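Subject: Structure handover

Hello,

I am passing the structure below on to you. My notes on what was found in it follow.

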Amino acid sequence: MAETLLEQTRSLHEDVERFERIIVKDLKQETKSHKDKIMQSHRVRKRLDQIQDAARKLLKIYEDEDKARKEEIEALGGEDKIFSKFYDRLKEIREYHRKFLSNDLTEAEDDTLLLKEEPHVDFTGEEGLGRYLDMHDLYLRFLNLQSLQQRSKGEYYEYLTSFSDFSAMPRQQKMGKQYSEYLAALLGYLCSFYERTQPLAQLQRMLNTVEKDFSARWEQGQIAGWEDRGVGNVAPSTSGIELEAFSSAEELEILGADRLKEALTSLGLKCGGTTKERAARLWLTRDTPLSQLDRKHFAKGVVPPSDSDVATNSKAAHARHVALLEVEIRKMAELLVNVIADTKGKVEKKQAQTYEEMQAELAEAEAEVAAPEDDEEDEFVYNPLKLPLGWDGKPIPYWLYKLHGLNQEFKCEICGNYSYWGRRAYEKHFKEYRHLNGMRALGIPNNKMFYEVTKIEDALQLWKSIQKAKGDFKPEDEEFEDAQGNVYSKKTYDDLKRQGLI
């Protein structure tokens, strides 16, 4: 059954539709945490890769280079030996199901496991599931560069601020091998981090756009720090395509016919033929210098370069390669500007933390990652009477609601007409900050005399009456009481106390 091309075609189309359906279901799922968003993006990325893989297989089948599909279709429509062909196909189907007894068709429709799948994504502890950058190794490599011996060695925080600024680097030092290797490692880490945190972003497409814009600006000498294009007016090799990044000529075909044509033209090679032929012709330049290539590979009117021209070209190509790496690193720094800012904030905060605070923060982060999802928190609580929630997150009983008088509303004008439900909350609020602040705004002290006073007008009148009573008070009218309850004037009380009678 699966041995026939038609059945393979049908199965691949079915897989494409199924993966599309899974992507739609996955994107409809609610993501609560940063980790859930990362996992969801990687699941969708995996399904898209599976769709592309199936599409490539379908394209190869439809191209039908060996004419096998055409022969199979013609065999189905033949008028002779119809019954024998029918029974041959029936035999193939039975043989297929005999070999694959566990292939349950209903099992393929169960997408639950795929929607809960957690792809394996590597993050270091310093990266915090993609929240921060971990560039300590690159920082040490930056400090150990021979080309940086004369430069001041700043702190890690300063490195995060200026790692994409190359203006202070002398040209002679930029042409060193260690510097280009450092740039390649830095760009590789930034691209890797971006792909792990943004798997759905078209990073390669953005870099291709940057490279295309770079090529035009390089030819015009508009690259900052490389206005003379490194070593003079020399054409670059392979039009910016790094052949070392590919393992075979077949992989070069992915670049497309137009891109291969541009690369071959820049080298003076023939640019005609199919995509496969162009890729094979360009692949020859990976290990063979242009001066040693066969004359038949060059276009008409093009003279093969000499060894001196190749050496000059190699130096120019290195300068162009370093400049391109710098431009791409600046682009990646722009894409990760928020992450860089968060990383700098974390480093700055870490410098002011004690060891115990660091350990507590690390334990909290680990607990957040390991905490299981609580589905009960998302359950809808039926509460038509809008009763207060208890300790278990559910409405309290109605009889308890009535017992505490929580249905009674008390408004306090001094608190800005704030409502307090229940006598207990109302009495308690006179000592709380909101009421204290309101009394302070009125210029009135908050003491027991103003207890149960909630109107602004009543509070002001009471305060005026207290002030007036204090103004009419005379010291000679002051009275004192002894232990037996006898009341005396101040003068009499002082005389008796002085004589020891009371």
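I start with helix H19 and what lies over it. Strand S1 (409-412) is part of what covers the buried residues of H19, where contact means heavy atoms within 4.5 Å. This is a predicted model: local features need pLDDT of at least 70, side-chain atom pairs count only at pLDDT 80 or more, and totals for chains, interfaces and linings use all residues. Residues are numbered from 1 along each chain as its sequence is written, and side-chain values use heavy atoms, without hydrogens and water.

In H19 (residues 433-442), His435, Gly438 and Met439 are buried, meaning under 20% relative accessible area with a 1.4 Å probe and protein chains only. They lie on the same side of H19 because they cover an arc of only 95 degrees around the axis, taken from the directions from the helix axis to the C-beta atoms. The face turned away from that side carries Tyr433, Arg440 and Ala441, which are exposed (over 50%). Just after H19, Gly443 has a positive phi of about 75 degrees.

S1 runs antiparallel to strand S2 (residues 418-421), and four bridges join them; strands pair if DSSP finds at least two bridges between them. Lys411 stands opposite Ser419 in S2. The two strands form a hairpin with five residues between them, and Gly416 in the turn has a positive phi of about 80 degrees.

Helices (H or I, at least four residues) and strands (E, at least two) are DSSP runs, numbered from the N terminus.

Regards
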